[in-house]
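Subject: Model for you to look at

Dear colleague,

Here is the structure I said I would pass on. My notes follow below it.

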Amino acid sequence: MAALAAGDGEIGGVLAFYSTHHLPPAELPQGYSEFHRALAPGGHLLLVTRVGEEEHQRRTYGYGDGDPAPFDSYRLPAERITELLERAGFAITVQTLQAPEEGAKRPVAGFLARKPAVDNVP
């Protein structure tokens, strides 16, 4: 996420589905800026992530049969994610906050953001 294999303004959309919460919070600005850099003017970012109150969790098991697969997960407040996206240059079009599903502990936030189109100045 910090170094996409795409040129500046080369892609029309980015789908970040339950992925950015694995980046440490200090690395999120770089990740969001990289999404912005690679998007064409007018391109969209759809970001869905679990949110929380500055939480860090380290897991040691994977999904399915429980094979070892350690990973970290960081949860920030939805307002902080909005702020970081806007600082990266995105305009938030829609933001949703879904209460935790049965058996889950954390809410899920969704963000539809757009890279503004450049002005056509003669």
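Which residues does leucine 45 touch, not counting residues up to four places away in sequence? They are Val14, Ala16, Phe35, Leu39, Leu85, Phe90, Phe111, Leu112 and Ala113, where contact means heavy atoms within 4.5 Å.

This is a predicted model, in which local features need pLDDT of at least 70 and side-chain atom pairs count only at pLDDT 80 or more, while totals for chains, interfaces and linings use all residues. Residues are numbered from 1 along each chain as its sequence is written, and side-chain values use heavy atoms, with hydrogens and water left out.

Strand 1 (11-17) pairs with strand 2 (residues 39-50) in the parallel sense, over six bridges; pairing requires at least two DSSP bridges between the strands. Helices (H or I, at least four residues) and strands (E, at least two) are DSSP runs, numbered from the N terminus. Glycine 13 is opposite histidine 44 of strand 2. Strand 2 also runs antiparallel to strand 6 (residues 108-114), joined by seven bridges, and leucine 47 has phenylalanine 111 of strand 6 as its bridge partner.

Histidine 21 sits in the loop between strand 1 and helix 1 (28-38). Histidine 21 counts as buried because its relative accessibility is 9% (buried is under 20% relative accessible area, exposed over 50%, partly exposed in between; 1.4 Å probe, protein chains only). Beyond its neighbours within four places in sequence, histidine 21 is in contact with Thr49, Arg50, Asp72, Ser73 and Tyr74.

Regards
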